[in-house]
Amino acid sequence: MWYAAITFAVLFILFFVILSFQGLPDFKQLENPDFELATQVIDIKSREIGRYYTQNRLPVTYNELNPFLIDALVATEDVRYFSHSGVDVQALSRVIMGVITFNTRKGGGSTITQQLAKLLFDRPDFEGMGKMKKTWTLVITKFKEWITAVKLEKQYTKQEILAMYLNKFNFIYGAYGISAASEIYFGKNQKDLKIEEAATLIGMLNNPALFNPIRRPDTVMSRRMIVLNQMRKEDYITRHQYDSLRVLPLDLSHFSRQSHETGPAPYFRAELANWLKALFEKAEYRKSNGEKYNIYEDGLKVYTTIDLDMQQMAEEEMWKHMSSVQEKYNKVWEGMDPWTYHADDMQKKIRKESLTHLIRQSGRYVGLREARLNEILDKIQAAHDIQLTDWDIENILQETQKAGRIARLVSGKTISPDRGKKYKEVMTGELWPQLASIWNDFQKEVMKEMNTPVDMMVFDYNPKGEKKAHMSPLDSIKYHRKFLQTGILAIDPKTGEVKTWVGGINNKYFQFDHTGASRQVGSTFKPFVYATAITLQGISPCFPVLDQPYTIGPGDGSFGLQSSWTPNNADGKYTGRTFTLFEGLRDSRNTISVFLMQQLGNANVVRGLINNMGIDSSTRRSDGEYRVPNQPSICLGAADLSVMEMTGAYCTFANNGVFVKPYFVSSIEDPNGKVIYRAVKEEQVALPPKANAVMVDMLKFAADYAFRDFKSEVGGKTGTTNDYVDGWFMGVTPSLVVGTWVGGEDPWIRFNSLADGQGAVMARPFFKAFLGRLENSTTTDYDPNAKFEKPVGGLDIETDCNKYNAMRRQNGIIDHFDPKTYEEEFNEN
């Protein structure tokens with residue numbers, strides 16, 4: 001008997017030792033359980049903007065848990081939870097009975113700790129098992145749960161285990177953990193749950209698929225009643241409370257599935273995700289073990305500079321303004337096709353190729369291509385070591401129809417000589433005839449599919465942001481392409497904090513973010529030319545310039561032109577009268593800007609200034625040319641820049657000549673609260689304070705007529721590009737600078753007249769509406785009474801034109817002025 005007892009004890013211990021190596025989490029894993037945690041994006045006032053996640057889980061500590069959740073959980077799942085050590089001996093009889101009767105459902109003896117243990121390793125699938133195997137598997141599983149439960153009890157307090165269980169559980173519909181579950185099912189924070197709501201969620205723990213509030217509301221009501229009754233039995237609620245709670249309806253009116261793609265500032269959150277991924281590529285921002293942070297799993301807190309109140313106002317005003325602009329656009333283009341209107345043969349070819357490119361980006365095309373071409377393309381790749389794109393196939397087809405295509409591509413350096421050889425190998429190979437035949441059939445199938453009307457959802461300016469439609473996929477592409485887009489940023493000029501970020505009209509249908517897109521800036525560039533002239537030459541804004549043609553020719557200054565350049569005004573007319581620089585900037589007279597550039601003698605001085613204002617003038621386009629050309633034409637805005645660059649540069653004017661680099665993340669914390677990134681303010685002097693103050697006066701003068709009824713000091717500049725493709729407005733106040741661009745994604749999606757397509761119509765109304773909201777807001781920290789900073793000692797340049805003209809007359813300088821003042825002309829017209 002002694003031998004038997006010792007042998008049993010040894011075998012029992014050996015059994016547990018063996019089990020401990022059977023896929024159980026070790027102490028290290030238990031110390032750092034694998035919880036995929038959502039990363040929170042937080043605004044400047046500590047409010048959540050959104051999340052990144054694969055599992056929408058936000059951890060909640062025991063002290064943060066709603067007491068109703070704790071009471072309901074203990075009363076329903078484990079009444080002796082706070083007295084046992086992980087395994088409830090009194091409940092083991094039920095487990096044993098379940099084993100004896102082969103009933104896997106009769107496992108109600110699991111403690112909360114054991115239920116957490118179940119979530120930490122994969123459960124076996126009993127489907128198809130025989131009785132003996134099922135029995136043995138269930139026994140092993142239970143022993144594993146017990147071992148893990150005991151480990152958990154040694155590693156954590158009861159309170160920590162309870163919180164971990166509720167954080168780990170999957171409440172379905174993307175609700176990972178109790179925090180997400182309360183938000184998704186009841187639209188509130190878990191701390192605000194009512195007793196009956198807490199009981200509903202705790203009831204789901206038994207079997208979330210069976211007790212699904214959405215699909216099985218009656219079953220859930222019955223389960224909720226059981227939970228409430230258990231709470232009554234354990235004296236967590238009174239009989240009276242139970243009687244009143246059990247009859248309440250199951251209120252799921254706030255149920256809403258969540259996605260990290262929905263919510264405010266979607267364009268900002270998409271760009272932020274890319275920024276974070278790039279940041280964590282750097283060694284200094286990685287985990288202590290060298291691993292990169294994963295924004296979808298590591299539970300970071302990203303503190304941003306976005307102000308949700310401002311953001312919401314910007315999005316609302318953008319929607320109203322852009323819907324109005326779109327309505328006007330639709331009326332202008334009614335009955336006309338932008339893909340053929342006023343297009344010569346070359347333009348028609350360009351526009352057709354653009355449509356073809358859009359078709360090939362569509363999901364329908366990609367799916368058909370994979371089904372029809374993948375097999376033959378894989379064979380060609382294996383035979384010739386080349387992966388052919390659609391463009392490659394078309395090049396080879398053109399070569400078979402008329403020799404010389406490949407030679408032109410090679411000589412023009414569009415493709416390498418090696419790739420040209422590969423083309424010819426494919427063309428003369430035995431697989432080419434098969435590919436050419438499949439390709440032709442595929443193209444016919446594509447066009448048939450793209451021209452067949454189907455039911456679909458499309459974007460629309462209605463409260464839902466979309467509508468049902470019956471149209472062909474090709475018409476859908478054209479339909480969506482005809483919507484004008486926008487890019488809007490609002491930045492605090494003193495700190496560089498980005499307050500609002502609107503990258504387009506609707507992120508669901510139009511993912512491209514236009515705040516970072518390079519677009520021609522038009523007349524919004526002119527203040528940089530004026531600022532350079534004022535800084536380097538001390539020229540007064542009252543200086544008169546004749547509105548007449550000015551020519552910069554070969555040999556003039558350091559421009560290095562090969563031919564003469566004589567640009568027109570936007571309306572193609574010259575008034576023959578003089579304009580002060582004040583008036584020239586306000587009216588965007590091209591002649592005045594050309595005159596100033598002529599006086600400066602070279603374009604590099606302007607490029608140098610904007611470089612100090614945050615626009616890197618050394619960057620080049622894909623064709624090798626400077627993004628800001630070293631040409632006099634930049635004085636008229638012949639440069640492609642982004643809303644971010646332009647808004648950042650204009651912040652210099654509002655910040656006494658000091659450029660502060662815009663930023664949108666102030667700090668990042670890991671799940672334990674450790675700061676892993678903190679923004680550092682970057683600033684530099686770009687303009688002398690006195691010259692900058694003159695520029696501020698000029699921007700205020702340019703914006704005076706449109707903003708004289710506002711409380712704020714406002715400066716601004718409109719911009720309109722050739723053929724009304726782009727409309728800009730840069731709005732400047734002492735505490736906020738707002739850049740707005742409006743235009744089509746294709747250059748032929750535009751208005752046909754200056755009256756409709758100028759920046760004053762396409763972009764400026766948004767800023768006016770947004771500023772009006774800010775001035776009347778009680779939720780933002782925008783100060784309409786803020787004033788632009790005045791330089792110490794006053795200005796060295798005269799800005800009072802009456803005094804300036806009197807001084808010139810005293811010095812014997814007589815200017816030719818038109819008898820009618822500009823204001824008289826304006827009122828008359």
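I am working from a predicted model.

**Mixed sheet.** I looked up the strand order and found S2-S1-S3-S13-S14, an open sheet of 5 strands with mixed pairing. Which strands are at the edges? I find strand S2 (48-52) and strand S14 (675-678), each pairing on one side only.

Next I took one pair. Strand S1 (residues 39-42) and strand S3 (residues 301-304) run parallel and are joined by 3 bridges. I traced glutamine 40 to its bridge partner in S3, lysine 301.

Which strands does helix H12 lie across? I see H12 (residues 266-279) across S1, S2, S3, strand S13 (665-669) and S14. Helix H12 runs at about 55 degrees to S2.

**Antiparallel sheet.** I read the order here as S7-S6-S18-S17-S16, an open sheet of 5 strands with antiparallel pairing. Strand S7 (498-502) and strand S16 (715-720) each have a single partner strand, so one side of each has no neighbour in the sheet. Neighbouring strands in this sheet are turned by 5 degrees on average, direction ignored.

I followed S7 to strand S6 (residues 485-491), and the two pair antiparallel over 4 bridges. Isoleucine 491 stands opposite valine 498 in S7.

Which helix packs on this sheet? I note helix H25 (residues 643-654), which touches S6, S7, S16, strand S17 (726-732) and strand S18 (737-743). The direction of H25 makes about 35 degrees with that of S6.

Conventions. Residues numbered from 1 in each chain as written. Predicted model: local features only at pLDDT ≥ 70, side-chain atom pairs only at ≥ 80, totals over all residues. Heavy atoms only, no water. Pairing = 2+ DSSP bridges. Contact = heavy atoms within 4.5 Å. Axes fitted to C-alpha atoms, helices over the stretch in contact; angles between N-to-C directions.
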